[in-house]
Amino acid sequence: MAACALRRGLLNSVSKYNKKHTQRILSVVDSSSSGVFELNRPRLPCRACGLAGGVQQRRFMSSRNRPEGKILETVGVFEAVKQHGKYETGQLFLHSVFGYRGIVLFPWHARLYDRDITPPMSDSKPEPPGAHGSKEVKGKTHTYYQVLIDTRDCPHISQRSQTEAVTFLANHDDSRALYAIPGLDYVSHEDILPYNSAEQAPIQHELFERFLLYNPAKSPPFTARDTLKAWQEKNHPWLELSDVHRETTENIRVTVIPFYMGMREAQNSHVYWWRYCIRLENMGNEVVQLRERHWRIFSLSGTLETVRGRGVVGREPVLSKEQPAFQYSSHVSLQAPSGHMWGTFRIERTDGSHFDVRIPPFSLESNKDDKAPPAGYTF
């Protein structure tokens, strides 16, 4: 309750600053952990005037516990959101959905297959065997980014099952071993609310100084070190996202990004591994809760597996107007070089009724086996 009252006070402060044509974005920092307790998601700039010369300055503030009370400290100033083009390496940003501070490492160009859009017949993805519907989907090029998450914010991103979004197969004989790089994420272009900061180390992450060099003559003032370039080049096949799939059912949008992880030998056979990242977003006003998952996994070897269970990754997230999104990652393996996955999420309304949300079908392709094993991030 105290946190809610403090949040309301901060929002009132924002309103006062708005009247003076300066919008301050506030965060509450817990002095016991020096981590972000909560970030208030800002609204996007007005598209009619946000790109003109009179762009309103938006300050990103933090409040730290001091003996004398709460003190607001400026962290950065928001910049105009890019409607065209892409953000460069070193761009600081606030995530528009999950609220964390981050910095862009490098961009990716992916094919977005949006089943909510009815396209022409050309450049479409075929349906996998047994998948729902017969709609063909046109792929459209879209920009995504590999980013670092500020570790101070990681413990407080409640609508994520974990803060790391990148896992690798271990580079040794144990085919079941996985290792994760915490604090790495993939974000779409519209997730980014850019800001700038006068700090030389505005993001706290163990890879920040290894990957980025402060250069005040540049804009943004952080450039890629050779270690970042080498790491990207060596791990390109396992970092790159090529296809993104999206579909909305009854105002619940599901986005899936699959990644090929490599092949390992196990008991005289080949096992192919993929990871997939899923985001659920409540595009409406009704409060709902994810209760069950139902997956269908088709392998090129001819097998069709059905998986049912409660929730996802041990959680049954609530999607509301205040916290509209939930994101998680998982893994799947096949004894064939390709396959497909699709399914549904069972969603419960507040009155106890249920409906099924479709998971868009996506391909599992192993087209990078001629590459070297992942190189990790030891330097």
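**Arginine 279 and its partners**

Author: The side chains of arginine 279 and aspartate 191 are joined by a polar contact of 2.9 Å. Keep in mind that this is a predicted model.

Reader: Where is arginine 279 found?
Author: In strand β17, which covers residues 269-282.

Reader: Is arginine 279 buried or exposed, and why?
Author: Buried. Its relative accessibility is 10%, and buried means under 20%.

Reader: What is arginine 279 in contact with, leaving aside neighbours within four places in sequence?
Author: Its contacts include His95, Val97, Phe98, Arg253 and Phe326.

Reader: Which residue forms a salt bridge with arginine 279?
Author: Glutamate 281 does, and the closest N and O atoms are 3.9 Å apart. Both glutamate 281 and arginine 279 are buried.

Reader: Which residues do salt bridges with shared partners join into one network?
Author: Arg291, Glu292, Arg310, Glu316 and Glu348.

Reader: How many salt bridges does the structure hold?
Author: 16. One of them pairs arginine 101 with aspartate 153, with 2.7 Å between the closest N and O atoms. Arginine 101 lies in strand β6 and aspartate 153 in the loop between β8 and β9, so the pair ties together parts 52 residues apart in sequence.

Reader: Are arginine 101 and aspartate 153 buried or exposed?
Author: Arginine 101 is buried at 5% relative accessibility. Aspartate 153 is buried too, at 2%.

Reader: What about glutamate 190 and arginine 246?
Author: Their side chains meet in a salt bridge, 4.0 Å from N to O. This pair links distant parts of the chain, 56 residues apart: glutamate 190 is in the loop between β11 and β12, and arginine 246 is in strand β15. Glutamate 190 is partly exposed at 38%, while arginine 246 is buried at 12%.

Reader: New topic, the backbone. Which peptide bond is cis?
Author: The one from serine 219 to proline 220, with omega near 0°. Proline 220 lies in the loop between β13 and β14.

Reader: What is the phi of glutamate 250?
Author: It is positive, about 50°, although glutamate 250 is not a glycine. Glutamate 250 sits in the loop between β15 and β16. It counts as partly exposed, at 48% relative accessibility.

Reader: And the phi of valine 313? What is that?
Author: Also positive, about 40°, and valine 313 is not a glycine. Look for valine 313 in the loop between β19 and β20. It is partly exposed, with a relative accessible area of 41%.

Methods:
Residues numbered from 1 in each chain as written. Predicted model: local features only at pLDDT ≥ 70, side-chain atom pairs only at ≥ 80, totals over all residues. Heavy atoms only, no water. Helix = DSSP H or I, 4+ residues; strand = E, 2+ residues; numbered from the N terminus. Buried < 20%, exposed > 50% of the residue type's maximum accessible area, 1.4 Å probe, protein only. Polar contact = N/O pair within 3.5 Å; in protein donor to acceptor, adjacent residues only side chain to side chain. Contact = heavy atoms within 4.5 Å.
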